[in-house]
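Notebook open, structure on the screen. I want to look up ring pairs, then a helix packing, then a couple of side chains in it.

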Amino acid sequence: MSFFQGPTVISFALQLYRFRGPLRARSVQIVGSALLGQLTSMLVAALAARVLGLAKVLRLALLCRTTTTALSTELSRLLGIAPAMGLLAAFMTGLVVIPLGKP
């Protein structure tokens, strides 16, 4: 599977290059929405974990769930927890959310 990661990224990059005009015109809106959504998601996850009384390591792992699996391992290391915990949180979030998204 990891063999296909490079070609997949290139194919997405080519699509983004084709729409570079509209993307540039709305770059502030896109970046602002992404940052605000990421921050909100992390804060809600942390608050929900605290309200549920989860252990500290699980609360920190849930902060990693809003990133991609590749970034979640590094974020876990920065937070001082096992990278597998962050990876599992990101992976499980993907498994739950993907079927609920728009086709």
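Predicted model: local features only at pLDDT ≥ 70, side-chain atom pairs only at ≥ 80, totals over all residues.

For ring pairs I count rings of Phe, Tyr and Trp (its six-membered ring) as paired if their centres lie within 6.5 Å.

**Rings.** I searched the whole structure for aromatic pairs and got zero. I did find a charge over a ring, though: Arg-20 lies over the face of Tyr-17, 4.1 Å from the ring centre.

**Helix packing.** Next I looked up H5, residues 69–79, against H6, residues 83–97. The angle between H5 and H6 comes out at about 145 degrees, and their axes are 7 Å apart. I noted the crossing of H5 and H6 as right-handed. On the H5 side I listed Thr-69, Ser-72, Thr-73, Ser-76 and Arg-77; these meet Pro-83, Gly-86, Leu-87, Ala-90 and Phe-91 of H6. Sorted by class, that contact holds four nonpolar, five polar and one charged residues.

**Thr-73.** Is Thr-73 buried or exposed? I get a relative accessible area of 17% for Thr-73, and the cut-off for buried is under 20%, so Thr-73 counts as buried. Leaving out residues up to four places away in sequence, Thr-73 touches Pro-83 and Leu-87.

**Ser-76.** Ser-76 is also in H5. Its relative accessible area is 0%, so I put Ser-76 down as buried. Which residues does Ser-76 touch, not counting those up to four places away in sequence? I wrote down Cys-64, Ile-81, Ala-82, Pro-83 and Gly-86.

Key:
Residues numbered from 1 in each chain as written. Heavy atoms only, no water. Helix = DSSP H or I, 4+ residues; strand = E, 2+ residues; numbered from the N terminus. Buried < 20%, exposed > 50% of the residue type's maximum accessible area, 1.4 Å probe, protein only. Contact = heavy atoms within 4.5 Å. Axes fitted to C-alpha atoms, helices over the stretch in contact; angles between N-to-C directions. Left-handed = near helix turned anticlockwise from the far one by under 90°. Nonpolar A, V, L, I, M, F, W, Y, C, P; charged D, E, K, R; others polar. Phe/Tyr/Trp six-rings, centres within 6.5 Å; stacked < 30°, edge-to-face > 60°. Lys NZ or Arg CZ within 6 Å of the ring centre and 35° of its normal.
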